[in-house]
Amino acid sequence: MVQSKRKGQQSIAFQKPPYLIGWSSVAGKKEGEGPLGKYFDYIDNDPTVGTDSWEAAESNMQRLAAEMAIDRAGLKPEDMNYIIAGDLLGQLIATSFGIMSLDIPMFGVYGACSTMGESMALGAMLVEGGYADKLVALTSSHFASAEKQFRFPLGYGNQRPLSSTWTVTGSGAVVIGREKGKFNIRITGITTGKIRDYGVKDSMNMGACMAPAAADVIYQNLEDFGVEADYYDRIITGDLGYIGKDILGDMMEAKGHDIRAVHMDCGVEIYDKENQDTHAGGSGCACSAITLTGLVTKKMQAGEWKRVLFVPTGALLSPTSFNEGNSVPGIAHGVMLEVID
């Protein structure tokens, strides 16, 4: 009889955990000037990345991130069985135009700013299940392309409320493999989130929209695996920002798990609150992606963090749903990372 890999209500515990065998972080100028700038692999000070549009710039960042991650793994694009990728733009145009030249079989995914967690979770299942030996999980976002699609074109010069976050410009990629490479980080399990909607309609307050989904999936991970928050050296959410971070702390305490001592939010860490004028922090698919592939992997490789629960968060709105007066549902996905000796 085959032993089930299911764990509790929403989780999977991998019997043969796949490994992170390569990764890369590509960041924009503002991100490079922030507190995490020294951790990123590549910083491009040109907001159009040598192209003639914001969207093409984002595509270029995706291609570069994928190529760098594959190269770090000591491999070539033709060694990849799949690429699982997505972005914030309609029909995933940053992804499709960005990775086309890599000629890798592709699954396009959309989890809003939770996309890095979704792509890593699906990739880990494919590898551990024997359907792939090596693959790339990839995402991106760009401040200007996101503002143009979801809010206001930059030329409009609108004022931003203090609850708003700043979409991170960048792209992060990881290569997931069945066999251990030269690094010692593996994915031991995942917890798949549910859509949570508390009726928040303010698209300029993403933290409040996403915090309930983050609380739900973190709580379920702790319950499914029978652990407390201090089992992890860090529980890292994707882009709740300062407002969402506080809401999450209160919600988790109400659920019986105080995570504040180990919780960290990528949207809080990526910008300097006092000097970079980003109001409530950072957001966007790249917020969690480049924090993971920049800061988190280096901390884990250095042995400072042994276990991390990586929880990218996403707000599932579109221009259509917003214009029709709908609320903004949230989603989050948990990926368990562990350093092996």
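Here are some friendly notes on the pockets, a helix pair and a few individual residues of this predicted model.

1. Ground rules. Residues are numbered from 1 along each chain as its sequence is written, and side-chain values use heavy atoms, with hydrogens and water left out. As the model is predicted, local features need pLDDT of at least 70 and side-chain atom pairs count only at pLDDT 80 or more, while totals for chains, interfaces and linings use all residues.

2. The largest pocket. This pocket holds about 210 Å³ of space. Its lining has 16 residues, and the closest to the centre are Lys29, Lys30, Glu31, Pro47 and Thr169. A pocket here is an open set of points on a 1 Å grid over the protein atoms alone, with protein on both sides within 12 Å along at least five of seven lines; lining residues have an atom within 4 Å of a point. Grid points are joined across faces, edges and corners, and the volume is the space filled by probe spheres set on the points.

3. What builds that lining. Helix 1 (29-32), helix 2 (54-72) and helix 5 (143-150) are the elements that give two or more residues to the lining of the largest pocket. Helix 1 gives the most, with three residues. Helices (H or I, at least four residues) and strands (E, at least two) are DSSP runs, numbered from the N terminus. By class, the pocket lining has seven nonpolar, three polar and six charged residues. Ala, Val, Leu, Ile, Met, Phe, Trp, Tyr, Cys and Pro count as nonpolar, Asp, Glu, Lys and Arg as charged, and the others, Gly among them, as polar.

4. The cavity. There is one cavity of 30 Å³ or more, where a cavity is a set of points that a 1.4 Å probe fits but cannot get out of. The largest cavity has about 170 Å³ of space. Leu88, Phe150, Arg151, Met206 and Leu317 are the closest to its centre among the 14 lining residues. The lining of the largest cavity divides into nine nonpolar, four polar and one charged.

5. Helix 4 against helix 9. Helix 4 (residues 115-128) and helix 9 (residues 285-301) pack at about 60 degrees, with axes 8 Å apart. That makes helix 4 oblique to helix 9; angles under 35 degrees count as roughly parallel, over 145 as roughly antiparallel, 65 to 115 as roughly perpendicular and the rest as oblique. Axes are lines fitted to C-alpha atoms, for helices over the stretch in contact, and angles run from 0 to 180 degrees between N-to-C directions. Thr115, Met116 and Met120 in helix 4 meet Cys285, Ser288, Ala289 and Leu292 in helix 9, with contact meaning heavy atoms within 4.5 Å. Five residues of this contact are nonpolar, two are polar and none is charged.

6. Positive phi values. Most residues other than glycine have a negative phi. Leucine 92, however, has a phi near 55 degrees, and so does alanine 112. Leucine 92 sits in the loop between strand 5 (82-86) and helix 3 (93-99), and alanine 112 in the loop between strand 6 (106-108) and helix 4. Leucine 92 is buried at 15% relative accessible area, and alanine 112 is buried at 1%; buried means under 20%, exposed over 50%, partly exposed in between (1.4 Å probe, protein chains only).

7. Two helix residues to look at. Lysine 299, in helix 9, is buried, with a relative accessible area of 18%. Not counting residues up to four places away in sequence, lysine 299 touches Tyr39, Glu304 and Trp305. Phenylalanine 97, in helix 3, is exposed at 58% relative accessibility.
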